[in-house]
Amino acid sequence: MTRIAIIDYGMGNLRSVAKALEHVAPHAQITVTHDRTAILHADRVVFPGQGSIRDCLRELAHWDLLDVVREAAFNKPFLGLCLGPQALLEFSEENGGVECLKILPGRVVWFGELRDSVSGERLKVPHMGWNQVHQLMDHPLWQGIPQDSRFYFVHSYYLQPADMALVVGQTDYGFTFASAIARDNLFAVQFHPEKSAQAGLRLLANFADWNP
Amino acid sequence: MGLAKRIIPCLDVDRGRVVKGVKFVEIRDAGDPVEIARRYDEQGADELTFLDITASSDDRETMVHVVEQVAAEVFIPLTVGGGIRTLDDVRRMLNAGADKVSINTAAIARPEFVREAAERFGNQCIVVAIDAKAVHAESESPHWEIFTHGGRRPTGIDAVEWAQRMTEYGAGEILLTSMDRDGTKRGFDLELTRAISEAVSVPVIASGGVGTLDHLADGILLGKADAVLAASIFHFAEYTIEQTKRHMQDRGIEVRL
């Protein structure tokens with residue numbers, strides 16, 4: 001039985017993530033935990049995030065989980081969600097500038113004043129709602145998900161990886177940004193698969209079966 | 001390619017039961033929030049909003065269980081409003097599986113509550129609900145005021161200024177209801193919707209008065225709303241969510257189909 005640990009460092013509700021995983025992987029053992037040992041012994045790790053990046057990193061340090069996240073991100077199937085992928089990069093502009101985990105090269109940047117590239121109309125921030133993700137390459141986690149499927153997003157900052165080879169999915173909102181990044185055993189998405197109906201559930205099912 | 005405009009059915013819940021009669025064909029239990037939520041998800045609803053209209057605070061705990069049950073089976077965003085007055089109310093709803101809470105009266109009673117909730121839980125999960133009514137004479141320039149108690153009690157607060165202030169305090173979204181139009185089936189107050197949407201940087205959900213599919217499309221195209229919320233036209237199966245989206249697409253609106 002595959003053991004999936006959802007890292008709980010006190011930043012909001014992880015119940016939906018757990019329920020969605022239980023729904024697609026009924027035989028997996030799914031735990032929401034901040035226990036170092038449980039995370040180290042898990043077969044797969046989900047790294048979610050909500051709220052602000054400063055609080056996120058502070059809470060990770062508070063629960064003594066920084067090295068555990070790093071270990072998982074390099075060694076086992078690892079899925080970052082929403083604020084998760086932002087924390088994996090080197091630096092975020094949020095909260096006046098925050099040094100992040102530096103697991104992947106790149107920065108997290110504020111959307112700022114946005115206009116639609118065609119109509120010129122002002123775009124709202126946060127980027128909230130269902131937007132398309134264009135898959136840039138085949139990947140086991142995209143399996144069975146139609147090209148340009150819509151996923152649910154809520155964010156005001158976006159991923160700007162330094163290495164374009166990391167980008168496996170991109171989305172348009174005034175311009176084109178990286179909405180999914182991957183490297184080896186790691187896959188991380190800016191959107192919320194647990195709130196993205198069929199497409200999101202398929203991605204989570206793919207993760208539960210993924211053997212990189 | 002781009003962000004889809006959202007269609008949001010709104011369900012009134014009283015002591016754990018959906019009220020104002022939802023009339024789907026072949027529904028086993030028209031009052032079961034889980035079954036109704038699942039139907040709307042299957043039809044392609046982009047989000048669901050639950051409004052707790054339970055009068056007694058003793059029965060409020062019931063709403064937490066409703067959210068838990070729905071969130072365990074329906075994997076689209078859920079917003080819960082009605083009776084959210086303390087940080088603990090917010091926390092319990094989010095922990096139960098709500099993605100956002102909608103704050104209305106408590107924000108008027110103490111605006112700092114919105115700031116505290118946004119700082120604690122993040123702007124993305126704090127929706128401020130605004131109930132507004134036109135208070136200008138026909139010859140005057142448009143002006144709307146916030147009303148409470150179902151539109152009966154004026155507050156003297158200007159709706160546009162209030163929306164801006166709530167956004168500064170950390171509201172991640174505005175749920176705007178025209179109390180002049182609510183229940184009339186005459187369409188949104190488009191002038192009000194547009195005034196608020198253009199005044200704030202965050203998404204605005206238009207609500208109140210929907211009677212036809214064109215009303216929904218007008219809310220987006222003319223009111224500049226980012227999402228539209230309706231109750232009766234969906235509940236009474238006058239239109240399915242899919243029909244609604246096809247109609248909006250025909251009018252040039254980007255939707256999730």
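**View 1. The loop between strand 9 and strand 10 of chain A, with A:P126.** In this predicted model, A:P126 lies in the loop that runs from strand 9 (122-123) to strand 10 of chain A. The peptide bond between A:V125 and A:P126 is cis, with omega at about 10°. Most peptide bonds are trans.

View 2. A:D148 is not a glycine, yet its phi is positive, about 65°. Its relative accessibility is 23%, so A:D148 counts as partly exposed.

**View 3. B:K224 in the loop between helix 8 and strand 11 of chain B.** B:K224 sits between helix 8 (213-221) and strand 11 (227-230) of chain B. Its phi is positive, about 65°, although B:K224 is not a glycine. With a relative accessibility of 22%, B:K224 counts as partly exposed. Most residues other than glycine have a negative phi.

**View 4. Helix 4 of chain A and what covers its buried residues.** Helix 4 of chain A spans residues 66-75, and its buried residues are A:V68, A:V69, A:A72 and A:A73. Down the helix axis these buried residues fall within an arc of 130°, so they line one face of helix 4. Among the elements of chain A that cover them are strand 1 (3-7), strand 3 (44-47), strand 4 (78-81) and strand 16 (186-189). The cover also includes helix 2 (36-41) and helix 3 (53-62) of chain A.

**View 5. The interface of chain A and chain B.** Chain A contributes 32 residues to the contact and chain B contributes 39. About 2800 Å² is buried between the two chains, and carbon and sulfur atoms give 54% of this area. On the chain A side, A:K124, A:M128 and A:W130 lose the most area to chain B, together 25% of what that side buries.

**View 6. Polar contacts and salt bridges between chain A and chain B.** Four salt bridges are found across the interface. One of them joins A:K195 to B:D99, with the closest N and O atoms 2.9 Å apart. Between the chains, 20 residue pairs are in polar contact. Helix 1 (15-24), strand 10 (127-132), strand 12 (150-155) and helix 6 (197-209) of chain A each supply at least two residues of the side that touches chain B. Strand 10 of chain A gives the most to that side, with six residues. The residues of the chain A side comprise ten nonpolar, eleven polar and eleven charged.

Notes: Residues are numbered from 1 along each chain as its sequence is written. Chains are lettered from A and ligands numbered from 1 in the order in which they are written. This is a predicted model: local features need pLDDT of at least 70, side-chain atom pairs count only at pLDDT 80 or more; totals for chains, interfaces and linings use all residues. Side-chain values use heavy atoms; hydrogens and water are left out. Buried means under 20% relative accessible area, exposed over 50%, partly exposed in between (1.4 Å probe, protein chains only). Helices (H or I, at least four residues) and strands (E, at least two) are DSSP runs, numbered from the N terminus. The arc is that of the directions from the helix axis to the C-beta atoms. Contact means heavy atoms within 4.5 Å. Buried area is the accessible area (1.4 Å probe) that two parts lose on being put together, summed over both. A salt bridge is a side-chain nitrogen of Lys or Arg within 4 Å of a carboxyl oxygen of Asp or Glu. A polar contact is a pair of N or O atoms within 3.5 Å; within protein, one must be able to donate a hydrogen and the other to accept it, and residues adjacent in sequence count only if both atoms are side-chain atoms. Ala, Val, Leu, Ile, Met, Phe, Trp, Tyr, Cys and Pro count as nonpolar, Asp, Glu, Lys and Arg as charged, and the others, Gly among them, as polar.
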